[in-house]
Amino acid sequence: MTLEAEPAAAPLAASRPAVALTGVSKTFNPGTSRAVHALADITLDVAAGEFVTLIGPSGCGKSTLLRLIANLIEPTAGAVTLGGKSAAHARADQDYGMAFQQAGLFEWRTVVRNVELPLELKGWSRGRRRERAMEMLALVKLEDFSKHHPWQLSGGMQQRVAIARALAAAPALLLMDEPFGALDEMTREHMQSELLRICTDTGTSVLFVTHSIPEAVYLSDRVVVMSPRPGRVTGEVTTDLGEDRGVESREERRFFEKVTEVREMLRGIGGATDDELAIERMRTAGVDDR
Amino acid sequence: MKAARRVMMFLVAFALVAAGWELYKVLGPEEGGKLLGWQVLPRTAGSAMPHSWDIVRRLFQPERPGASRDAWRLVLAGAWFTFRLAMVGFLVGAVVGVALAVAMARYGIVRRGLLPYLAVSQTIPLIALAPIVVSWSDKLHPFGHDLPKWTTVSLMSAFLAFFPAAVGTLRGLTSLPEVADELLRSYAATWRKTLIRVRFPAAVPSMAPAFRLAASASVIGAIVAEISTGLAGGIGRLVLEWAGQVTSDPPKAYTAAFGAAALGLVVIGVISVLEMVLMRNRPKESTA
């Protein structure tokens with residue numbers, strides 16, 4: 001399926017990058033007048049255990065990139081591998097967990113049964129999956145709410161359930177698309193610290209998409225800056241904030257320096273704002289906005 | 001609490017309709033109103049609009065002078081007979097409807113090919129269909145037995161019931177939010193597994209009102225089919241027979257109509273209870 005041969009040796013897997021993208025491009029509606037170059041020639045690695053954030057203006061293809069890795073869409077060109085496996089193979093093995101801006105919990109299932117769902121679909125026995133789901137709920141500190149229904153929880157709690165669910169099958173990789181985008185600032189900062197703790201505890205690699213520069217800097221080992229039309233990687237900032245980031249880390253000079261560095265890199269690419277994108281969309285639709 | 005309020009509201013609405021009926025009887029013209037020679041206002045004379053209490057009283061009088069049974073017993077027996085036929089029709093319609101919806105949700109080509117025909121099927125008047133179905137059932141002799149006559153009635157009842165069931169279920173099965181859809185795909189789960197564990201539960205909120213519609217359609221279907229196939233024993237036949245006596249015994253005709261309406265309400269009530277059980281774990285604001 002992939003270009004490289006699959007070596008049988010298992011120990012090698014640990015040293016393999018969690019995600020490897022080589023020359024990945026994506027064009028929607030290719031060959032038509034509505035063709036959109038979403039991504040062009042992306043080459044990117046996420047090392048095992050690394051926390052990488054994708055940041056960039058609207059329309060830079062961050063979410064598209066995440067979905068390519070998740071094998072929810074196919075690349076037009078290039079190779080996507082997860083821990084050495086093809087994306088399709090990795091999806092079949094549930095090697096990654098996913099979380100979105102909406103928690104996407106199922107309202108008729110209790111919290112614990114929501115976390116169990118991926119295990120249930122995988123065919124785990126009732127006892128085993130309940131045990132695992134309770135472990136995951138303990139990890140996000142919601143074990144007391146296991147019998148509640150999602151609509152009885154706050155937005156932040158729902159998002160924690162979604163993270164517990166994404167981690168249930170013990171994936172080596174978490175793919176997160178603006179998971180805290182709909183939360184208020186206080187909850188958001190709390191969730192960021194919780195996420196870091198969980199990832200350190202479980203050794204999970206994370207590829208995280210966000211609009212927020214401080215969020216990107218605080219969470220990541222590495223911030224990858226993308227530019228739009230077509231989406232490509234324009235730069236990288238390594239944060240070096242250290243393993244044990246706490247509340248104080250957000251007030252350190254190093255943190256602000258890194259935030260500034262990312263901000264300047266983003267300004268450099270001159271990305272369009274949402275307003276500009278809306279105007280352009282109207283233009284292409286033949287609406288004269290003068 | 002909420003159920004009690006609903007019952008109260010129903011009784012109030014019922015009383016208001018009766019009051020409106022009586023009010024019109026007082027205020028309306030005795031021989032009806034005419035506009036440019038057209039009869040536009042109904043006559044209020046006792047033969048056309050009996051008093052509401054006369055209709056109720058008629059239920060507790062012998063069916064015909066000298067008969068041993070009160071009218072309500074016949075109405076009840078007829079309603080029970082029709083109820084069973086309608087339930088068979090409803091169940092068959094629900095099973096067929098859900099099966100069609102699953103096929104249409106799974107395969108786009110089935111949906112595109114089938115859905116227009118399903119919509120067209122509902123424009124055929126049941127009365128036009130009745131003689132055809134009857135002639136078919138006369139020719140069918142499964143295992144050497146004749147088909148009982150009631151099966152044609154249930155079949156036509158199912159014909160009306162399957163459509164709302166199919167459309168409502170299809171809408172429910174295909175209305176999964178994009179997040180949920182992407183999640184399920186990320187689990188690489190088979191469609192069959194997600195159908196049972198996620199898609200059907202997610203479809204319940206749009207299936208419930210569709211099934212309520214299907215239930216009332218099955219009752220209407222059974223009543224109309226009874227009349228058009230001439231099957232005796234049900235409320236449909238009773239409505240027809242007693243309507244024939246409207247000049248001699250006006251309240252009697254209304255008691256049969258009353259029974260038919262009550263039957264529809266009971267069936268909807270049964271489905272609503274089922275719905276409440278299925279929806280008990282859902283956020284409360286979405287229940288209509």
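1. In this predicted model, A:A164 touches A:V115, A:M136, A:L137, A:L139, A:V140 and A:L142, residues up to four places away in sequence being left out of the count. A:A164 also belongs to the largest nonpolar core, which has 139 residues. Together with A:I69, A:L175 and A:L207, A:A164 touches the most other members of that core. As a general remark, nonpolar side chains tend to be buried together in soluble globular proteins.

2. The domain assignment divides chain A into domain 1, covering 16–95 + 174–283, and domain 2, covering 103–170. Their C-alpha centres are 25 Å apart. Domain 1 of chain A contributes 13 residues to the contact between the two, and domain 2 of chain A contributes eleven residues. On the side of domain 1 that touches domain 2, helix α7 of chain A (residues 185–202) gives the most, with six residues. By class, the residues on this side of domain 1 are eight nonpolar, four polar and one charged.

3. The contact between the chains draws 17 residues from chain A and 18 residues from chain B. On the side of chain A that touches chain B, the elements giving two or more residues are α3 (87–92) and α4 (111–122) of chain A. Of these, α4(A) gives the most, with three residues. This side of chain A comprises ten nonpolar, four polar and three charged residues.

4. Helix α7 of chain B (residues 178–186) has as its buried residues B:L183, B:L184 and B:S186. Viewed down the axis of α7(B), these buried residues fall within an arc of 160°, so they line one face of the helix. Their cover includes elements from both chains: α3 and β6 (96–99) of chain A, together with α8 (191–229) of chain B. After α7(B) comes B:A188, which has a positive phi, near 50°.

5. A:I73 is placed in the loop between α2 (62–69) and β4 (77–82) of chain A. Is this isoleucine, A:I73, buried or partly exposed? A:I73 counts as partly exposed because it has 18 C-beta neighbours inside 10 Å, whereas a buried residue needs 20 or more. Leaving out residues up to four places away in sequence, A:I73 touches A:R67 and A:L68. A:S146 lies 73 residues from A:I73 along the chain, and the C-alpha atoms of the two are separated by 33 Å.

Conventions. Residues numbered from 1 in each chain as written. Chains lettered and ligands numbered in written order. Predicted model: local features only at pLDDT ≥ 70, side-chain atom pairs only at ≥ 80, totals over all residues. Core = buried A, V, L, I, M, F, W, Y, C linked by C-beta atoms within 7 Å. Buried ≥ 20, exposed ≤ 12 C-beta atoms within 10 Å, placed from the backbone. Contact = placed C-beta atoms within 7 Å. Helix = DSSP H or I, 4+ residues; strand = E, 2+ residues; numbered from the N terminus. Nonpolar A, V, L, I, M, F, W, Y, C, P; charged D, E, K, R; others polar. Domains from an automatic or database assignment. Arc of directions from axis to C-beta.
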